[in-house]
Structure formats: C-alpha cells, structure tokens
Amino acid sequence: MSCQHYFNIIVSRTQTKFASCIRHFGNMTYNHTSVYLDDDVNNIYAFARPEHFSIFKGTLVKESLDRFTLRRNQPVPVKVLRFEITEEQYSEIQAIIYNIYNDPEYIYNLFSVISYPITKGFDTYKAYSCIEFSMTLLKKLGYQFEKPIPRYKPDDLIEMFKDNIYKSCDIRDLIHEDAGSADYFSPISLSLLASNAVGLFTIIKRTLFFRNYSH
C-alpha cells in the first residue's frame, strides 16, 4: 500500500531590504517562495543568500524560522500551497532537491530578479530564483505554464493555485521550533567579501554567456 505524500510551497512576504525593493519595483505583495515535502518544516529549501551579507552569492539553502524573521519579533505573512503527489513523485522531487543542494555550481539568478521590471526575467545556466525553482519543481510534477518560468512572480502562484491554499498564517505559526541559522548571521569579513566578489563574477559570466539555457 503506497503512502500519500505532499509537495508544499511557502509564499512569503519577507522583511529584508532587498525583499522590500523587489516588492516595490516588481509590484508584488509577496516576494519569496520556499518548498518542503509532507509536514517536514525542519527541511525547507529555497534559492536565497547563504549569509545575510552575501549580496552577490546565492544558492539553494536550507531555511529556518530566524531566516524569515531576522530574529525579530515581527510577523511574516505566508500562504502555503499544498499539492498531493505520489510516492514516485515524492522520490523524484526529493532527489532533485538533494542533487541541487549538493551541487556547488548552482547559483541564485540575481540579475533576472533585479531586472524583472524591464526584462520580465530570463533563464540562466544552473541558476534559479526562488520562484523559478518552485515552479520548475511544479513542472516536474506535470503542471504546464503558458509563459516561460522566469516571467512568473510569487503572487502569480497564489492566483493560479488558489484552490491549493492549505494555510494562510504567520511563519511563526507554521514553524514552531527552530534549528537556527547561525551561518546566515555571519558578520562581514574578508572571506565573506571575497566570496561575494567570486559570486558577482560568476553571475556576470553566466548572464552574459549562458542566457539561453532552458531548465
């Protein structure tokens, strides 16, 4: 007898200055998406910065409560979209997340995000924004979309899948215990600045020479 599984997407309104800019210039209510399987809120993944001051370095990270709240007593509105999946689909999504999480070549598709008001987003080799990653996983599950994936915003997910809204709450009501994200709050250092410089070079190279990549 097969066990029923779920694929979940958290659509959130996070509190960083970068998130505020993205919402303002992109005309969005929500700015971020994360994914997790079943009810395992201790294993939430998203394309984001590994450290708060890593402006130009992003990858697939494991998220926790204090990354959403910045360790402040502040609300972070979220909507959770839930999709029923088979055991085979569960294994496939789990493998994709594991492989990308452990592949250092994957980066955050930063220039696609910050140029969205003008370019409406674009594909880049081994690069995702948070929404691109979430929608790519939905596509793996068989969902079809009219536009290229980089053209969608987190708000679009809520509109397209309003019947899949499982919860509308504060992130603190969803995640009750936090394993912590000590690395996320690392102070500025020479090594952090160096990794940002490498990250910026990688993003520029990928954007200039690998724009026509299809996920």
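This is a predicted model: local features need pLDDT of at least 70, side-chain atom pairs count only at pLDDT 80 or more; totals for chains, interfaces and linings use all residues.
Student: How many aromatic pairs does the structure hold?

Tutor: Two rings pair if their centres lie within 6.5 Å, and planes over 60 degrees apart count as edge-to-face. The structure holds 12 such aromatic pairs. One of them joins F83 and Y143, with 5.5 Å centre to centre and 70 degrees between the planes, and is therefore edge-to-face.

Student: Where in the chain do F83 and Y143 lie?

Tutor: F83 belongs to strand β5 (residues 77-85), whereas Y143 is in the loop between α6 (130-140) and α7 (154-160). The two residues are 60 residues apart, and their pair links distant parts of the chain.

Student: Is F83 buried or exposed?

Tutor: Buried means under 20% relative accessible area. F83 has a relative accessible area of 1%, so F83 is buried. Y143 is partly exposed, because its relative accessibility is 28%.

Student: Which aromatic pair do Y143 and F161 form?

Tutor: Their pair is edge-to-face, at 5.5 Å centre to centre and 90 degrees between the planes. F161 lies in the loop between α7 and β8 (165-170), 18 residues apart from Y143. With 9% relative accessibility, F161 counts as buried.

Student: Which residues form one aromatic cluster?

Tutor: One cluster is formed by F7, F83, Y143, F145, Y152 and F161. A charge can also sit over a ring: the charged end of K147 is over the ring of Y152, 4.6 Å from its centre. Likewise, R82 lies over the face of Y6, 4.4 Å from the ring centre.

Student: Which residues make the nonpolar surface patch?

Tutor: F53, I188, L190 and L193 make this patch of about 450 Å². Among them, L193 lies in helix α9 (residues 190-209).

Methods
Residues are numbered from 1 along each chain as its sequence is written. Side-chain values use heavy atoms; hydrogens and water are left out. Patches are made of residues with over 30% relative accessible area and no salt bridge: like charges are joined within 9 Å, nonpolar side chains (Val, Leu, Ile, Met, Phe, Trp, Tyr) within 5 Å. Accessible areas come from the Shrake-Rupley method with a 1.4 Å probe; for residues, only the protein chains shown count as cover. A salt bridge is a side-chain nitrogen of Lys or Arg within 4 Å of a carboxyl oxygen of Asp or Glu. Helices (H or I, at least four residues) and strands (E, at least two) are DSSP runs, numbered from the N terminus. Rings of Phe, Tyr and Trp (its six-membered ring) pair if their centres lie within 6.5 Å; planes under 30 degrees apart count as stacked, over 60 as edge-to-face and the rest as tilted. Buried means under 20% relative accessible area, exposed over 50%, partly exposed in between (1.4 Å probe, protein chains only). A charge sits over a ring if NZ of Lys or CZ of Arg is within 6 Å of the ring centre and within 35 degrees of the ring normal.
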